[in-house]
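Colleague: I would like to learn how to read a structure like this one, feature by feature. Could we take the ligands, the domains, the core and the strands in turn?

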Amino acid sequence: MIRRMTPIRPPDPLDKATAERILSIRRWNDKLFSVRVTRGASFRFTPGQWVRLGIASGSGLPGAVVWRPYSMASAVHDDHLEFFSILVPGGAFSTRLAKTDIGDTLYVEKEPYGFLTTARFAGGRHLWLLASGTGVAPFLSILRDPETWRRYDERVLAYSVRAAGDLAYRDELAALGTDELLGAGPPPLRFVAVVTREPAAGALAARLPELIANGELERAAGLRLAPDDSRILVCGNPAMLDDVRDALVARGLRYDRSANPGQFATENYW
Ligand SMILES: Cc1cc2nc3c(=O)[nH]c(=O)nc-3n(C[C@H](O)[C@H](O)[C@H](O)COP(=O)(O)OP(=O)(O)OC[C@H]3O[C@@H](n4cnc5c(N)ncnc54)[C@H](O)[C@@H]3O)c2cc1C
Ligand SMILES: NC(=O)c1ccc[n+]([C@@H]2O[C@H](COP(=O)([O-])OP(=O)(O)OC[C@H]3O[C@@H](n4cnc5c(N)ncnc54)[C@H](OP(=O)(O)O)[C@@H]3O)[C@@H](O)[C@H]2O)c1
């Protein structure tokens, strides 16, 4: 008997993603850059979520694409999508992304994921967003959302980087809250810059867990961390998340779980 073999079809990225076009690239320094791409008409997300991006591997194999998760940095109402990226030396995805040009294709999966969103929290008046490095990306989307400005009385962003030149989006962050889309009246963002590997004017100099433990973060923000008022999202370096979690627990705050609501949640970037 002759068995017919079903031909194996190479994976088609368009089964699960849309092919988007790069509209612009902004280079912050030699290791940080932002990419704007077209947005599929049916793509919806909640601020704080992430999506898998795909880029042709260039291996010559049909359908070969390298995929990595990226947080949306753009607002839900923007007609483009924006991503803020590190360039990891030798990294399979980021080195390819860094070499792209305007007009090139980036695959964007159709389904966004993630629970680093304010929607998960009940209550709270003060939203604290604690980021290391590119972990600021989901917070840009959250802060660009009018709902964030309506729902909370105060917003704090603490953004920890190694060098002052790694503090991206400073102008956009300074302008937040003055955008008429966000509505007039809310107090401006309480922005706390943290630069850990060189002296930097206007920035705190120690790591976030230490700044939480010694009260310096609260002094710089001008607000107290307290279970009734504070809701906290933390994103970036996994070691930072562990240490911040310990520091928050030591302050009487609890991780937010559906079965046991609390005040903070984290998202690990690697
Ligand atoms: C849920 C989620 C959301 C993410 N969102 C973003 C985002 O918005 N922007 C972004 O730049 N990255 C983001 N990442 C990381 C991203 O998916 C890739 O890891 C990163 O682009 C590097 O890919 P790579 O293939 O070049 O290196 P990889 O092989 O993926 O990583 C190699 C090493 O590089 C380091 N590394 C990876 N990502 C980072 C980073 N972002 N900052 C500092 N060091 C890093 C780690 O040490 C890692 O082990 C996210 C990851 C997750 C899980
Ligand atoms: N940034 C650079 O100049 C540089 C140079 C060469 C290579 N890289 C590559 O880039 C990646 C790092 O990128 P990055 O600088 O964006 O991210 P990062 O190393 O996570 O540093 C970002 C911020 O997080 C802080 N941090 C790290 N661990 C912490 C912890 N346990 N608790 C609290 N804070 C913590 C850092 O403080 P500390 O400064 O105290 O660690 C820094 O302020 C690495 O993969 C590295 O190989 C970066």
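This is a predicted model: local features need pLDDT of at least 70, side-chain atom pairs count only at pLDDT 80 or more; totals for chains, interfaces and linings use all residues.

Colleague: Which residues come nearest to ligand 2?

Modeller: Of the 21 residues around ligand 2, the nearest are Ser132, Gly133, Thr196, Asn237 and Ala239. Two or more residues of this shell come from each of strand S8 (154-161), helix H5 (208-213) and helix H7 (238-250). By class, the shell around ligand 2 holds 8 nonpolar, 7 polar and 6 charged residues, and at least three of its residues are drawn from each of domain 1 (13-109) and domain 2 (118-268).

Colleague: How do the residues around ligand 1 divide by class, and where does the shell around ligand 1 lie?

Modeller: The shell around ligand 1 is made up of 12 nonpolar, 7 polar and 2 charged residues. Because domain 1 and domain 2 both give residues to the shell around ligand 1, it lies between them. Of the 21 residues around ligand 1, Arg68, Gly91, Phe93, Ser94 and Ala137 come nearest, while strand S4 (65-71), strand S5 and helix H1 (94-98) each contribute at least two residues to the shell.

Colleague: How should I read the division into domains, and how many residues does each domain bring to the contact?

Modeller: The protein is divided into domain 1, residues 13-109, and domain 2, residues 118-268, and the centres of the two domains, taken over C-alpha atoms, are separated by 25 Å. The contact takes 16 residues from domain 1 and 15 residues from domain 2. On the side of domain 1 that touches domain 2, strands S1 and S5 each supply at least two residues, and S5 gives the most, with 4 residues. By class, that side of domain 1 has 10 nonpolar, 6 polar and no charged residues.

Colleague: What is the general idea behind a nonpolar core, and which residues have the most contacts inside the largest one?

Modeller: In soluble globular proteins, nonpolar side chains tend to be buried together. Here the largest nonpolar core has 66 residues, and those with the most contacts inside it are Leu129, Leu130, Phe139, Leu157, Ala158, Leu208 and Val244. Both domain 1 and domain 2 give residues to this core, so it lies between them. As one case to follow on the screen, Phe139 is in contact with Leu129, Ala131, Leu157 and Cys235, once its neighbours within four places in sequence are left aside.

How values were computed:
Residues are numbered from 1 along each chain as its sequence is written. Chains are lettered from A and ligands numbered from 1 in the order in which they are written. A residue is near a molecule or strand if its C-beta atom, placed from the backbone, lies within 6 Å of it. Ala, Val, Leu, Ile, Met, Phe, Trp, Tyr, Cys and Pro count as nonpolar, Asp, Glu, Lys and Arg as charged, and the others, Gly among them, as polar. Domain bounds come from an automatic or database domain assignment. A nonpolar core is a set of buried Ala, Val, Leu, Ile, Met, Phe, Trp, Tyr and Cys residues joined through C-beta atoms within 7 Å. A residue is buried if 20 or more other C-beta atoms lie within 10 Å of its own, exposed if 12 or fewer, and partly exposed in between; C-beta atoms are placed from the backbone. Two residues are in contact if their C-beta atoms, placed from the backbone, lie within 7 Å.
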